[in-house]
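Let's walk through a protein model together, one step at a time. Keep the picture open beside you as you read.

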Amino acid sequence: MTEKESKRVLTVCPYCGTGCGLYLVVEKGRVVGIEPDGLHPVNEGELCVKGYYGYQHIDNTERLTSPLIKKDGKFVAVHWEEALDFVARQLAKIKQESGPDAIALFASARATNEENYVAQKFARAVIGTNNVDHCARL
Amino acid sequence: MTNSIPEIGKNTEVIFVIGSNTAECHPLVARQIIKARERGARLIVADPRLTEMANKADIWLRVPAGYNIPLINCLLHVIIKEGLFDSAFIKEHTEGFDDVKQAVEEFTPACVAGLTGIPEQDLIEAARLYARAGAASIIYCMGVTQFSFGTATVVALSNLAAITGNLGRPGTGVNPLRGQNNVQGACDMGCLPNSLPGYLNVTDQKNRARFEKEWGVKLPAKVGIKISEVPDAILDGCIRALYVFGENPVMSDPDSNHFRHAVEHLDLLVVQDIFLTETARLADVVLPAACWGEKDGTFSNTERRVQRVRKAVDPPGEALPDWQVFSALARLLDYHKMNYLHPREIWEEVRRLVPEKFGGITYQRLDQERGINWPCPAEDHPGTPILYQGGKFSTPSGKAVLRPVLFDPVQVPGEKAASFKNPLTGSLSELPDETYPFVLTTGRRVYHYHTGTMTRRCEPLDQVGPKQLIEINPVDAARLGIADGDFVKLSTRRGSIAATAWVTERVPEKTVFTTFHFWEANVNELTNHTTDPVSGIPEIKVAAVQVKKISPAEAKQLYEEKKEKYLVDLTREVATKFSQGRR
C-alpha cells in the first residue's frame with residue numbers, strides 16, 4: 001500500500017471493557033477518524049464519545065519515540081541495544097543477589113492478550129517469579 | 001460476566017444495576033439497558049449518586065457509599081419472607097440456602113431503611129420486581145468491588161441471583177462490567193500472582209507441569225505478591241526491581257503518596273509505555289511502546305469475547321509492541337523459547353496450552369466472526385456466551401455454593417460470625433468523624449478514561465472535560481459557604497487536593513465525589529489502601545474526608561506544588577528533546 005491510499009481497518013475500541021467494534025480510518029499513514037462497526041452485536045453501529053473522538057493520542061507529539069535512561073537525574077535518549085542491555089544486566093544482578101522474588105512485574109489491562117501472555121511467561125519462565133499482577137483491582 | 005451484553009437488550013426483563021455508573025463508564029452497555037427499557041423491561045438502580053442511569057430507573061435506591069451489603073441482604077430477606085424464591089432451583093442447584101436465610105433474618109426493611117435512609121417501600125418493591133422477573137440480570141462495577149469487603153458483596157449478589165434461579169439462562173446472571181479494554185484478557189492470560197494462563201492455580205504441580213513442558217523450565221510454585229502488597233514489600237526490602245508496562249500506578253493506585261514513597265526505594269524501575277506518564281517520570285529506564293492502533297493481537301471484553309485487534313499504522317520512531325520487547329529481553333537473559341515472529345504464534349501457544357478454554361479460537365475464525373466468547377474448546381464449538389447453563393456450576397459438587405454475608409459498619413462481632421458456617425463479613429475501614437466529617441467516593445467521567453494519559457491528549461475530549469470537578473450537595477455547600485465554581489480543598493489522613501466545586505444534587509448530603517483523571521487533583525492521593533482479604537482490592541470507593549473552601553490564590557499554590565510533584569514539565573522537555581524519528 002502506498003502512503004497516499006486511504007483504508008479502513010476493523011478493530012476494537014481501546015477504552016472500557018465493553019469491547020465495541022470500530023474502524024480506524026487511515027489516510028497517508030495516519031489515523032484520521034473512527035467509524036462504528038454496524039455488524040458488531042454489542043455496539044450495533046453506535047459508539048460513545050470516547051469511541052468516536054479518542055484517537056488523537058496516536059500521533060500526539062508527546063509520544064515516546066526512543067528508549068530513555070536516567071543519567072544523573074536527567075533522561076537521555078539511547079538505542080534499544082543499550083537500554084535492553086542495561087535492563088537485562090540489572091535484572092540479572094538483582095536476581096543473583098536477592099533471588100527472583102525480589103523482582104515484580106505489573107502487566108497491563110490495556111495491552112493485548114498476546115502481550116500479557118508473553119509478559120507473565122517472562123516473569124515466570126525467564127525471571128522465575130510469580131510476582132506478576134495487573135490493575136484488575138483498580 | 002456470566003452472560004453476554006446483547007442478552008440485556010434482547011432477553012432481560014428486570015435489570016438491577018448496582019455500583020455502576022453505566023451511562024458514563026460503559027455507555028454502550030447502558031444503550032442495551034435503554035433498549036431493554038424501550039421494550040418494557042424494568043430498571044432498578046442502587047447508587048449513592050443520581051447518575052444518568054439512576055435518573056432512568058423505575059426504582060432508584062439511594063444507598064450510601066459502603067452500605068451495599070445491608071441493601072442486598074434486605075432484598076434477600078424480603079424475597080425469602082414473601083416466598084418469592086425459586087425452590088426447585090435452590091433444591092437442585094444450590095447448597096447453603098439455610099445459612100443465608102439465617103444471615104439475612106435481621107436485615108428487615110425497617111432495619112435497613114434506618115441504616116441507609118432508603119424508604120422501606122422501595123426496598124420491598126425492588127425485591128419483588130427482581131424476584132418476579134422471568135429473567136433478571138445483575139450488572140455491577142467497581143462501586144461493588146472496591147471495598148475491603150468487595151468479595152463479600154459479590155457473594156451477596158450471587159446469593160440473590162441463585163435463590164431466584166437467575167443463572168444459566170438468557171438475560172440473567174451476575175455481570176461485572178470490566179473497566180479496561182483487556183482486563184479480562186490480562187486475567188485470562190495469567191497476569192495474576194496465583195494463576196497460570198486459563199486460571200490454572202500455580203500451586204498445583206499438574207498445572208505447572210503442563211507449562212514446564214512447553215516452556216522448558218522449572219516454574220516457581222510459591223504464589224506471588226499482589227499489586228496492592230507491592231508498596232509495603234518494597235519498603236520491607238523484599239522487592240528491589242519493578243517492571244511496569246501499560247499502567248500508571250502513581251495515578252491509579254490508592255494512597256498514591258505511599259506508592260510514590262515506596263517506588264523511591266527501588267533499585268530499578270522500568271516503565272514501558274506510550275507516553276512519559278506520571279509513573280514513567282520516576283523510572284530509571286523508559287521504553288517506548290506501540291499503541292493499540294499500531295499492533296496486531298486480541299482483546300477479551302467483559303463478556304469473555306475474544307476479538308481481533310488490527311494494526312492500522314506504524315508506531316512512531318523506535319517504539320515497539322510490548323511482546324517484542326519482552327522477547328528481546330528474554331534472549332539477552334539466555335532464554336530462547338520466546339522468539340515469536342507474529343502475535344498469531346503467541347496465540348497458537350495459548351491455544352495449545354489451554355485448549356479447554358481457547359482451543360477453538362483461531363485468528364482465522366476471528367477474521368470471520370465478531371469475536372468468540374470463551375470457553376471454546378474446539379474449532380467447531382460456537383463459544384459460550386452463557387455460563388452455568390442447566391444450573392451446572394464449576395464447584396466440586398457442581399452446585400452453586402451460597403454463603404452467609406454479615407455486615408456491621410464498625411465491626412462484625414467475632415462471636416456473631418462464629419455462629420455461621422463459612423461466613424463473609426463486611427465493615428468500613430474508615431468512618432467519618434469530627435475532623436474528617438464527609439464521605440469521599442470516586443469514579444470516572446464519560447469524557448475521560450482512567451489516568452487521562454490518552455483522553456487528555458484528544459482535543460475534542462479535553463475541550464468538553466477540561467478540568468477536575470468536585471461534586472458537593474447544595475445543602476452542604478450552603479453550610480460551608482461554597483458556591484458553584486469556587487475552589488474546594490479535600491483532605492484525608494493521606495493527602496490533600498484542590499479543585500473546582502460542582503454544587504449538585506447528583507451527590508447526597510455528606511458525600512463528595514471526584515475522579516482520578518487529573519494529576520492537578522488526583523483523588524488517589526486521598527484514597528485508602530486497606531484491602532479486601534480475599535481479592536486484595538483496595539477500599540477506593542470510600543474514605544473519610546474534610547471539605548474546605550479555599551481562595552483562588554491558595555488553589556494556585558496547590559496547583560504549583562502538584563506540578564512540581566508530578567514533574568509535569570519533564571514530559572514536554574523530553575518530547576522536545578527526543579522527538580526525532582517520528583513517522
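This is a predicted model: local features need pLDDT of at least 70, side-chain atom pairs count only at pLDDT 80 or more; totals for chains, interfaces and linings use all residues.

Residues are numbered from 1 along each chain as its sequence is written, and chains are lettered from A and ligands numbered from 1 in the order in which they are written.

Begin with chain B, which has 25 helices and 23 strands. Here helices (H or I, at least four residues) and strands (E, at least two) are DSSP runs, numbered from the N terminus. The radius of gyration of chain B, taken over C-alpha atoms, is 24 Å, close to the 25 Å from the globule rule for 583 residues, so chain B is as compact as a globular protein of that length. That rule is 2.2 Å times the number of residues to the power 0.38. Along the principal axes, the C-alpha atoms of chain B fill a box of roughly 70 × 65 × 50 Å.

How much of chain B is buried? Of its 583 residues, 55% count as buried. A residue is buried if 20 or more other C-beta atoms, placed from the backbone, lie within 10 Å of its own, exposed if 12 or fewer, and partly exposed in between. Gly485(B) is exposed, with 10 other C-beta atoms within 10 Å. You will find Gly485(B) in the loop between helix 23 (474-480) and strand 20 (487-492) of chain B.

Now look inside. A nonpolar core is a set of buried Ala, Val, Leu, Ile, Met, Phe, Trp, Tyr and Cys residues joined through C-beta atoms within 7 Å. The largest one has 221 residues, and Ile44(B) and Leu75(B) have the most contacts inside it. Helix 11 (residues 150-163) of chain B gives the most to this core, with nine residues. Two residues are in contact if their C-beta atoms, placed from the backbone, lie within 7 Å. Leaving out residues up to four places away in sequence, Ile44(B) touches several others, including Val14(B), Phe16(B) and Tyr130(B).

Chain B is also divided into domains, with bounds that come from an automatic or database domain assignment: domain 1 (5-177), domain 2 (183-373) and domain 3 (438-577). The C-alpha centres of domain 2 and domain 3 of chain B lie 30 Å apart. In this pair, 17 residues of domain 2 of chain B are in contact with 22 residues of domain 3 of chain B.

Finally, bring in chain A. The contact takes 125 residues from chain B and 95 residues from chain A. Helix 17 (residues 322-332) of chain B gives the most to the side of chain B that touches chain A, with eight residues.

Seven strands form an open sheet in the order 5(A)-4(A)-11(B)-10(B)-9(B)-6(A)-7(A), with mixed pairing. Strand 5 (74-77) and strand 7 (132-133) of chain A stand at the edges, each with a single partner strand, so one side of each has no neighbour in the sheet. Two strands pair if DSSP finds at least two bridges between them. Strand 4 (residues 68-71) of chain A and strand 11 (residues 285-288) of chain B run antiparallel and are joined by two bridges. Within chain B, strand 9 (residues 241-245) and strand 10 (residues 268-273) pair in the parallel sense over five bridges.
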